[in-house]
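The sequence and structure are shown first.

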Amino acid sequence: MISRLLMIASRSDTAEPQKADSFRAEVRKDFERHGGTVFNAGFITLLVYRFGRWGEERRGALLRKVCRKIYGVVSAIVATITRVWIPAQATLGEGFHIIHAEGSISIHPGAVIGKRCGVMHNVTIGTNMTAGAPTIGDDVFIGVNSTILGEIRIGDRVRIAANTAVTTDIPSDSIAVGSPAKIYPRLGPFLSRAGKTDTDT
């Protein structure tokens, strides 16, 4: 299955070498980031995602149609096995990392995720009973069992703790904790607590 996707991509090297090189480079980085094994569920999911994106960029209508058919079948099989669903319509920034694929992960087609985002298992990024999906900044970590719902914006360098439900905007350099999420300046509560001594009241 994996070799078939790579073979289809390589066949168009002469027609669109720059995009083919980009596809291979992204797959190589995903491979290295996810343990250097083709059996990693995160790598397999991202390979299928990138093939879907690559297929939509083909110039020929017939090739796009063939790629869509292959992507539709393969993505359904992979999502059923891995329980990780990242549709090709979603936008993932450079360095996206599925840290643990030991549970379900679901990302809405309209979600936009920035660079170097790390996602744990049992995470949902989607809508909140209305149209619109989250926009997530760079260098964001999303903890296990967390949900990010609605047309909201998550800033850069945000840490979302485990078991957190986020339905409002979060500014950059913040920590979100709890359900519903409470927002703190990043490390602020911990630094203020660390500065106290036993004699402080």
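## Salt bridges within and between helices

Asp 30 is buried, with a relative accessible area of 1%. The model described here is a predicted one. The side chain of Asp 30 meets that of Arg 33 in a salt bridge, with an N to O distance of 2.8 Å. Asp 30 and Arg 33 both belong to helix α2 and lie 3 residues apart, about one turn of the helix. Arg 33 has a relative accessibility of 23% and counts as partly exposed, whereas Asp 30 is buried.

Glu 26 takes part in a salt bridge with Arg 50, at 3.8 Å from N to O. This pair links distant parts of the chain: Glu 26 is in helix α2 (residues 17-33), Arg 50 is in helix α3 (residues 41-56), and the two are 24 residues apart. Arg 50 counts as buried because its relative accessibility, 8%, is under 20%. Glu 26, at 33% relative accessibility, counts as partly exposed. Glu 26, Asp 30, Arg 33 and Arg 50 are linked in a network of salt bridges.

Which residue forms a salt bridge with Glu 56? The partner is Arg 68, and the closest N and O atoms are 2.7 Å apart.

A search of the whole structure finds 7 salt bridges, among them Arg 50 with Glu 26, Asp 30 with Arg 33 and Arg 68 with Glu 56. In general, side chains of opposite charge can pair when their charged atoms come close.

## The parallel sheet

An open sheet is formed by 4 strands in the order β2-β5-β8-β11, with parallel pairing. Its edge strands are β2 (91-92) and β11 (153-154), each of which pairs on one side only.

Within this sheet, strand β5 (residues 112-113) runs parallel to strand β8 (residues 135-136), and 2 bridges join them. Ile 113 has Ile 136 in β8 as its bridge partner.

## The mixed sheet

Another open sheet has 6 strands in the order β3-β6-β9-β12-β14-β15, and its pairing is mixed. The edge strands here are β3 (97-98) and β15 (182-185), and each pairs on one side only.

How many bridges pair β14 with β15? Strand β14 (residues 174-177) pairs with β15 over 4 bridges, in the antiparallel sense. Ser 174 stands opposite Pro 185 in β15.

## Cysteines

The count of disulfides comes to 0, the criterion being a pair of cysteine sulfur atoms within 2.5 Å. Cys 67 is buried, with a relative accessible area of 3%. Cys 117 likewise counts as buried, at 1% relative accessibility.

## Backbone exceptions in loops

Most residues other than glycine have a negative phi, and most peptide bonds are trans. The following sites depart from that pattern. A cis peptide bond joins Ser 179 and Pro 180, with omega about 0°. Pro 180 is found in the loop between β14 and β15, the strands that pair in the antiparallel sense.

Met 129 is a residue other than glycine with a positive phi, near 70°. Met 129 is found in the loop between β7 (123-126) and β8. Is Met 129 buried or exposed? Met 129 counts as exposed because its relative accessibility, 82%, is over 50%.

Asp 139 also has a positive phi, about 55°, although it is not a glycine. Asp 139 is found in the loop between β8 and β9 (141-142). At 24% relative accessibility, Asp 139 counts as partly exposed, whereas Met 129 counts as exposed. Strand β8 belongs to the parallel sheet, and strand β9 belongs to the mixed sheet.

Definitions and conventions. Residues numbered from 1 in each chain as written. Predicted model: local features only at pLDDT ≥ 70, side-chain atom pairs only at ≥ 80, totals over all residues. Heavy atoms only, no water. Pairing = 2+ DSSP bridges. Salt bridge = Lys/Arg side-chain N within 4 Å of Asp/Glu carboxyl O. Buried < 20%, exposed > 50% of the residue type's maximum accessible area, 1.4 Å probe, protein only.
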